[in-house]
Amino acid sequence: MSYSSIGANVTVEREFIGLPSVNLPRFGAGGHPCQGVYHRPAGKRPTIAVIATHYQIDFSEHYMAEYLAERGYGFLGWNTRFRGDESHFVLDAALSDIGVGVRWLREEAGVETVVLLGNSGGGSLMAAYQSQAVAPSLTPLEGMRLTPGVDELPAGDAYISSAAHLGRPEVLTSWMDGSVTDENDPLATDPALDLFNPDNGPSYSDDFVARYRAAQTARNHRITDWVKAELARLTAAGYHDRPFSVARTWADPRMVDPALEPTKREPNSCYAGVPKRANRSVFGIAAATTLRSWLSLWSLTDSQTRASAHLPNITVPALVLNGNRDTGVFPSDAAAIHDQLGASDKQSHELDADHYFLLPGARDEQADLISAWIAERF
């Protein structure tokens, strides 16, 4: 199935792609586990294409797709079996599914140069993909085997990080409420660590921030300790896994206090609105997970989604982009990603943009920058 749209005086063709994964042919209702939309200039067969994938967000119609297709490139917005299903995420299965998309670009679409676009959470995911492709290192979760195909991934030729953080464990820990004292009671709070207690700020003292960050890290570790103990208990009883929820995950001090890591971002805001209100809602990262997915995706000690383990293995040309109005990804994230990349050819740019580059002209500016950067190298 294909259809067309017109933008910037260029007609963009969009083709739906549905493919089986290496170990999962189709879901019961008939859908393919690997799905996406391929964007390209009408009547053209680009030899350079971008592929973008996220842990669970549907990237098939990624906002950069038509912008880059209008500039002559192919763009595959690609989804793994975990689109909309982050609560069951397993990293090696996701990487195997990304490999299906990369192979399709090379073998079916006629693409010679594949650019991996890691946007938002996808930054660490695509870093893990490239790292696993060139220096396989993933180990399976306890009691499981690695997904077929994950040791034979086709590598990308370039890597772009856009509005990305350093991994799901890092972003969850920096956002989670450090004052939580009981995971089973969403009201249980240590007032001395409560970000929203006016006695603590804002503005927040260096001492408070240091104690709060330590409490956030300790909270992640406590959950991991419980997960491992619970998994052992269930396994002994013949069970494989169980779901659970993590509450109050919109509480990064930088969201509330603009004096911490100053940028042009809107003060007292996060992706879900006002942090105090969002933190009490049911809409948060890791709000629904399972024991095994916690270990695969969110745990500081066990997750293999942390970009720091993978960025040194990225030696292809690399580009890091970040928006100076982002309320959830900060300049220190972009700087860390750039510094840890193993590429000798790497650049970093800050744009006047929010997380989704919604300001007038921001997406065109991003597309122009990416297009020029690719053209200089391939």
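Reader: Is valine 134 buried, partly exposed or exposed?

Author: This is a predicted model, in which local features need pLDDT of at least 70, side-chain atom pairs count only at pLDDT 80 or more, and totals for chains, interfaces and linings use all residues. Residues are numbered from 1 along each chain as its sequence is written, and side-chain values use heavy atoms, with hydrogens and water left out. Buried means under 20% relative accessible area, exposed over 50%, and partly exposed in between (1.4 Å probe, protein chains only). Valine 134 has a relative accessible area of 44%, so the residue is partly exposed.

Reader: Which residues does valine 134 contact, leaving aside its neighbours within four places in sequence?

Author: Valine 134 lies in helix α3; helices (H or I, at least four residues) and strands (E, at least two) are DSSP runs, numbered from the N terminus. Contact means heavy atoms within 4.5 Å. With those sequence neighbours set aside, valine 134 touches Ala155 and Asn313.

Reader: How many of the 13 residues of α3 are buried?

Author: Among the buried residues of α3 are Gly122, Leu125, Tyr129 and Ala133. The buried residues pack against β4 (48-52), α2 (91-107), β6 (113-119), β7 (158-162) and α4. Helix α3 is largely enclosed by the rest of the structure, because the buried count is twelve of the 13.

Reader: How far apart are the end C-alpha atoms of helix α3 (residues 122-134)?

Author: The expected span of a helix is 1.5 Å times one less than its number of residues. For the 13 residues of α3 that gives 18 Å, which agrees with the separation of the end C-alpha atoms, 18 Å.

Reader: What is the orientation of α2 to α3?

Author: Axes are lines fitted to C-alpha atoms, for helices over the stretch in contact, and angles run from 0 to 180 degrees between N-to-C directions. The axes of α2 and α3 come within 10 Å and cross at roughly 80°. Angles under 35 degrees count as roughly parallel, over 145 as roughly antiparallel, 65 to 115 as roughly perpendicular and the rest as oblique. Helix α2 is therefore, relative to α3, roughly perpendicular.

Reader: Which residues of α4 and α8 make the contact?

Author: Helix α4 (residues 168-175) and helix α8 (residues 291-298) pack at about 100°, with axes 8 Å apart. The two are therefore roughly perpendicular. On the α8 side the contact uses Trp294, Leu297 and Trp298, and on the α4 side Arg168, Pro169 and Leu172.
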